[in-house]
Amino acid sequence: MRPNNILVASALLLVLGTAVAQARISIWDGVYTEAQAEHGRTLYMQNCGRCHGADLSGTFEIPPLIGRFMPYWSGSTLDALFDYVSTAMPLDHPGALGPAANADIVAFILKSNDIPSGAKELSASQMKTINFDPAKPGSKRAQK
Amino acid sequence: MDRRHLLKNSLAGLVGLSAAKPGTAAAQTAAVSLMDRPPKLLPIRAHPDRIYDIKCCIRPFRTKGPRLDIEHIGDAMVVHNYGHSGAGWSLSWGSADMQVQKAMARSPKKIAVIGCGIIGITSAIMAQWAGAQVTIYTRELFHRTRSVRANGSWTPASHMALASEAPSNLGDTWERMTRISWKNLRPFVGMAGDPVKFADHYYLSDTPFDAAPPPPPPSPVPIPEYYELGDRVGDITAARQTLTPDINPFPVKYAQRTTFLFFNFSEYGHVLMSEFFARGGKIVMRDFHAPSELAHLPEKVIINCPGYAARDFWKDKAMVPHRGQTEWLIPQPEVNYGLTYRNVEARSKSDGIMMIDIGAAGGLPKGYGNSNEVPDRAEAERAVRVMEELFSRFPANPV
């Protein structure tokens with residue numbers, strides 16, 4: 001490859017890489033709205049609270065959705081959680097809820113774990129682009 | 001203890017009020033040897049207020065039988081070891097032995113085990129015995145796994161697969177697992193604390209045992225036809241013995257006796273975990289959500305023991321939930337037998353009198369296809385009341 005072509009290819013890679021990096025956001029970037037989480041709360045109480053509890057703390061047998069929930073689910077993208085909620089839950093009727101309802105429930109779970117809300121609603125189609133970071137990227141906790 | 005008090009409160013003593021007393025002419029004519037008659041049996045205090053725990057779990061039934069194949073995820077070799085239905089406690093050592101041999105074929109120094117139920121912990125220990133350094137990755141420690149919410153009895157033939165989907169060699173594989181498990185359990189029998197224990201078990205019936213059962217209720221879904229294992233391990237299984245009326249200590253017309261082996265969760269779990277840690281085993285608390293995540297583990301040989309969680313973790317659609325619930329009454333160490341009556345089974349374990357409604361014979365197995373893991377108090381009380389009614393038939397203590 002001639003030097004000029006290498007330069008162009010490198011620039012292209014840089015642009016593409018930057019685009020991908022920009023497309024990927026974090027759960028800490030305000031990925032759901034307050035109204036959505038509130039609707040998610042209602043759905044949660046109707047479909048999930050019987051097992052996981054109104055305060056999401058679970059039971060001896062049923063896993064909590066707060067506390068250790070964060071290290072257990074962080075490290076991947078949000079679609080891992082969304083897919084699990086969509087296909088495995090509610091445990092006695094797996095897959096009973098639709099994508100919008102499950103997105104709302106995920107929003108409520110994020111809010112319950114002190115993940116900040118934002119201006120845009122969380123949708124099923126964007127789950128793959130959201131990193132489930134254990135702490136806000138760049139924060140002191142994340143650097144530890 | 002006052003011997004008169006003991007006699008008055010023993011079932012043998014109570015039955016003595018209405019049946020032949022030991023040593024009388026009637027007793028000596030018993031069809032079963034006098035020495036082999038049931039010993040004094042103390043009553044189970046079966047009352048709903050004595051329920052101190054209700055445990056519920058999902059058996060990892062797999063229509064194709066236990067998953068025991070090898071799969072490669074990136075540069076990691078994954079040896080599957082899950083889907084043992086209601087036989088995990090029984091088959092664990094035999095299944096672990098088979099799968100660890102496959103894992104060791106790569107001569108790994110380190111092995112990862114996914115899951116810390118009875119299949120996971122026995123696989124981990126078996127891998128340690130084979131010389132590997134083992135790390136268990138699990139979202140729950142042993143005492144909080146579904147395994148410890150099971151019945152925990154020697155039931156190796158509990159619904160292994162659907163007849164239409166079972167591999168052709170399942171019978172041979174199962175027999176090998178069963179026999180190796182049996183051999184590995186031997187050292188735990190007689191150990192202090194009775195982690196694994198034999199006890200007599202009585203089957204009681206209001207109708208002759210060979211009478212046709214009532215027709216099962218209609219089923220909303222097709223009734224599963226299970227793979228038939230046949231009588232392969234009769235040589236290590238105690239037979240049932242019919243108790244003639246003169247030596248039947250129960251107020252029920254028909255009785256049979258056998259001897260079962262069962263697991264005491266607390267002691268057995270403690271022994272297993274102690275063995276694992278004593279051999280340098282490590283536990284990492286974490287959850288997995290996709291098979292691809294296993295490729296990032298430092299260990300490149302992995303024994304995968306997720307139990308029912310494989311349905312979603314591995315997207316294994318052959319996994320079918322099968323709910324089971326046990327109710328636990330305050331321990332009665334003086335009760336050294338179990339019994340089954342009107343589809344309720346009771347066993348006296350070190351951590352409580354365990355009862356379970358096993359459902360009627362025939363028809364859809366109780367809990368099949370049900371993945372609800374929330375304990376049902378009403379079901380628990382119904383089971384206990386069956387036993388309460390049985391024991392209420394004994395004459396009142398004439399103090």
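**Note on a predicted two-chain model**

1. Where pLDDT is low, the predicted coordinates should not be read in detail.

2. Confidence in chain B and in the complex. The average pLDDT of chain B is 91, with 91% of the residues scoring at least 70. For the complex, the predictor gives an ipTM of 0.78 and a pTM of 0.88.

3. Overall make-up of chain A. Seven helices and two strands are found in chain A, and along the sequence they follow the pattern α-β-α-α-α-α-α-β-α. Of the 144 residues in this chain, 26% are buried. If one considers the contacts in chain A between residues at least 6 apart in sequence, 72% of them join residues at least 24 apart.

4. Packing of two helices in chain A. Helix α2 (residues 34-47) and helix α6 (residues 99-112) of chain A have axes that come within 7 Å and cross at roughly 105 degrees, which means that α2(A) is roughly perpendicular to α6(A). By class, the contact of α2(A) with α6(A) has seven nonpolar, three polar and three charged residues. On the α2(A) side the residues involved are Gln36(A), Ala37(A), His39(A), Gly40(A), Arg41(A), Leu43(A) and Tyr44(A), and these meet Ala101(A), Asp104(A), Ile105(A), Ala107(A), Phe108(A) and Lys111(A) in α6(A).

5. Leaving aside neighbours within four places in sequence, Asp79(A) is in contact with Met127(A) and Lys128(A), and its C-alpha atom is 7.8 Å from that of Ile130(A), a residue 51 places apart from it in sequence. Gly95(A), by contrast, lies in the loop between α5 (78-88) and α6 of chain A, and it is exposed, with 12 other C-beta atoms within 10 Å. Beyond its neighbours within four places in sequence, Gly95(A) is in contact with Ser86(A) and Thr87(A), while 19 Å separate the C-alpha atoms of Gly95(A) and Leu122(A), which are 27 residues apart along the chain.

6. The interface. In the model, 12 residues of chain B are in contact with 13 residues of chain A. Sorted by class, the side of chain B that touches chain A has two nonpolar, three polar and seven charged residues.

7. A six-stranded sheet in chain B. Six strands of chain B form an open sheet in the order β2-β3-β10-β4-β5-β9, with mixed pairing. The edges are taken by β2 (70-73) and β9 (282-285) of chain B, each of which has a single partner strand, so one side of each is left without a neighbour in the sheet. Neighbouring strands of this sheet are turned by 25 degrees against each other on average, when direction is ignored.

8. Strand β4 of chain B and its surroundings. Four of the five residues of strand β4 (residues 110-114) of chain B are buried, so this strand is largely enclosed by the rest of the structure. With strand β5 (residues 133-138) of chain B, β4(B) pairs in the parallel sense over five bridges, and there the bridge partner of Val113(B) is Ile136(B). Three bridges join β4(B) to strand β10 (residues 301-304) of chain B, also in the parallel sense, with Ala112(B) standing opposite Ile302(B). Helix α5 (residues 118-129) of chain B packs on the sheet, where it touches β4, β5 and β10 of chain B, and its direction makes about 165 degrees with that of β5(B).

9. Strand β6 of chain B. Strand β6 (residues 196-205) of chain B runs antiparallel to strand β8 (residues 254-263) of chain B, to which 10 bridges join it; Val196(B) has Phe263(B) as its bridge partner in β8(B). Five bridges join β6(B) to strand β12 (residues 337-341) of chain B, and this pair runs parallel, with Gly338(B) as the bridge partner of His201(B).

How values were computed. Residues numbered from 1 in each chain as written. Chains lettered and ligands numbered in written order. Predicted model: local features only at pLDDT ≥ 70, side-chain atom pairs only at ≥ 80, totals over all residues. Buried ≥ 20, exposed ≤ 12 C-beta atoms within 10 Å, placed from the backbone. Contact = placed C-beta atoms within 7 Å. Nonpolar A, V, L, I, M, F, W, Y, C, P; charged D, E, K, R; others polar. Axes fitted to C-alpha atoms, helices over the stretch in contact; angles between N-to-C directions. Parallel < 35°, antiparallel > 145°, perpendicular 65-115°, else oblique. pLDDT = per-residue confidence, 0-100. Pairing = 2+ DSSP bridges.
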